[in-house]
Amino acid sequence: KTQTLVDKLDRAELDGAIVALESQLGDMAHLVLGTDVFVFAAAPSHRLAAAKGPIKASELEDEPVLLLDDGHCFRDQALSFCAKAGAEEVSYRATSLPTLVQMAAGGAGVTLLPRLAVALENRRRALRVRDFAPKAPARTLALVWRKGSAREVALRAVGEALRDVYTKLTASA
């Protein structure tokens, strides 16, 4: 969870962490790695999963949506988008992305996933994944560290290497 990582950075238990910039990060230095777009995911039998092409946010209106438990920054980001779309959060929540995927694959509702996680979390092809129409929800991934860290030069070099790999990875997706 992001807050745990930020706390560990503050206590110098970690030198750096990869987080979403949309989270509460306090006074951390950072280097942007790239944008991680969210995708729609549902059991293949779900009516919205069967459709072709990008999904519009308005199609989620009154749709039961599965989200992560409180404390996950991805939950807050997905909840904001779903609330604007008129989706309805189900009363139970997943504790992790793998659990979220299993719940959606089992037909308990639809969900959003970070595109970066799709290859791993949907490796068994239990979900049908669709891109969102333009203005898709997304988050900004960044490497963060304590301001004034003695390792700033090294962390910037690591961040630039990660950004280069992430740019190549997302360009081929």
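With which residue does R156 form a salt bridge? In this predicted model, where local features need pLDDT of at least 70 and side-chain atom pairs count only at pLDDT 80 or more, totals for chains, interfaces and linings use all residues. Residues are numbered from 1 along each chain as its sequence is written, and side-chain values use heavy atoms, with hydrogens and water left out.

The partner of R156 is E152, the closest N and O atoms being 3.2 Å apart, where a salt bridge denotes a side-chain nitrogen of Lys or Arg within 4 Å of a carboxyl oxygen of Asp or Glu. Because R156 and E152 are four residues apart in helix α6 (residues 152–172), about one helical turn separates them; helices (H or I, at least four residues) and strands (E, at least two) are DSSP runs, numbered from the N terminus. R156 is partly exposed at 33% relative accessibility, and E152 is likewise partly exposed, at 23%, given that buried means under 20% relative accessible area, exposed over 50%, and partly exposed in between (1.4 Å probe, protein chains only).

The structure holds 11 salt bridges, among them the pair D36 and R139, whose side chains meet at 3.2 Å, N to O. This pair links distant parts of the chain, with D36 in strand β2 (residues 28–42) and R139 in strand β7 (residues 138–146), 103 residues apart, and both D36 and R139 are buried.

A further salt bridge joins E89 to R93, with the closest N and O atoms 2.8 Å apart. E89 is partly exposed, with a relative accessible area of 29%, and R93 is partly exposed as well, at 32%.
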